[in-house]
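The paragraphs below go from the whole chain to a few local features.

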Amino acid sequence: MLHSASISKSLQNRAAAQISTRRIYHRRIKPLFDLLLALAFVPLLAPVIAVLWGLARLDGGPGFYGHRRIGRNGKVFRCWKIRTMVPDAERRLALYLATNADAAVEWQLSRKLSDDPRVTRLGRFLRKTSLDELPQLWNVLRGEMSFVGPRPVTEDELALYHHRRDAYLCLRPGITGFWQILGRSDLPYSLRVEMDAAYVQKSSLFMDIGLILLTAATVLRGTGQ
């Protein structure tokens, strides 16, 4: 009995130490890592972002698109992307879902559409290569996002996290993460929520570096959606 109690206490101490280590990483190391990496990328990617912005402007709409998302501790921020949709995207989405039952079900499950009528020809290329997300470097520099973390969600989507809500709100949203490289639109939203919660429990510097490298491989393969 005494031996069992000793093992139990040892496991509890180890778990407490792991939680403490993750907190230190999240509060101190991770923000510094994000800032240094973003500063290193800006000179390389700023010209690419400028070119993509110009191409997106050719149809008369804005080059950038900033969507309101929920950040750490519930703070609302604008998540920036190269615009990939037509200017009247919300109207087209509402009409499409109202007249296409299968699409409505797909949207309800994943908040994504495999055949999205809102996306422009350039937008399809940008999404496939994930180049539309390059402007989120600005969000990282502002401390609103991280390179790796839960996918930034809208207020409506946050309601789908249910009891996992706190797992999302305790970290800055990420440009990439488990969901983005392991399935994206092929996965149901409920599994995406579990992936975000799992990242909070297991994240570390080595994991973040690994996920960034896997993201780079995904971009090179052009498997984004």
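Helices (H or I, at least four residues) and strands (E, at least two) are taken here as DSSP runs and numbered from the N terminus. Read in that way, the protein chain follows the pattern α-β-β-α-α-α-α-β-α-α-β-α-α-α, which comes to 10 helices and 4 strands. This is a predicted model, in which local features need pLDDT of at least 70 and side-chain atom pairs count only at pLDDT 80 or more, while totals for chains, interfaces and linings use all residues. Residues are numbered from 1 along each chain as its sequence is written, and side-chain values use heavy atoms, with hydrogens and water left out.

Of the 225 residues of the protein chain, 42% count as buried, where buried means under 20% relative accessible area, exposed means over 50%, and partly exposed lies in between (1.4 Å probe, protein chains only). Among contacts (heavy atoms within 4.5 Å) with a separation of 6 or more, those between residues 24 or more positions apart account for 69%. A search of the whole structure finds 0 disulfides, a disulfide being a pair of cysteine sulfur atoms within 2.5 Å. As for individual cysteines, C79 is buried at a relative accessible area of 2%, whereas C170 is partly exposed at 34%.

Strands pair if DSSP finds at least two bridges between them, and β1 (residues 64-70) is joined to β2 (residues 76-82) by 7 bridges, the two running antiparallel. I70 has V76 of β2 as its bridge partner. The two strands form a hairpin with 5 residues between them, and N73 in the turn has a positive phi of about 60 degrees.

Further along, A89 lies in helix α2 (residues 89-99) and is buried, with 9% relative accessibility. The C-alpha atom of A89 is 5.2 Å from that of R118, although 29 residues separate the two along the chain.

Which residues of helix α3 (residues 101-110) are buried? They include A103, W107 and S110, and because these cover an arc of only 95 degrees around the axis (judged by the directions from the helix axis to the C-beta atoms), they sit on the same side of α3. On the other side of α3, A101, D102, Q108 and L109 are exposed. The cover over the buried residues of α3 includes α2 and α9 (189-202). Just after α3, R111 takes a positive phi of about 60 degrees.
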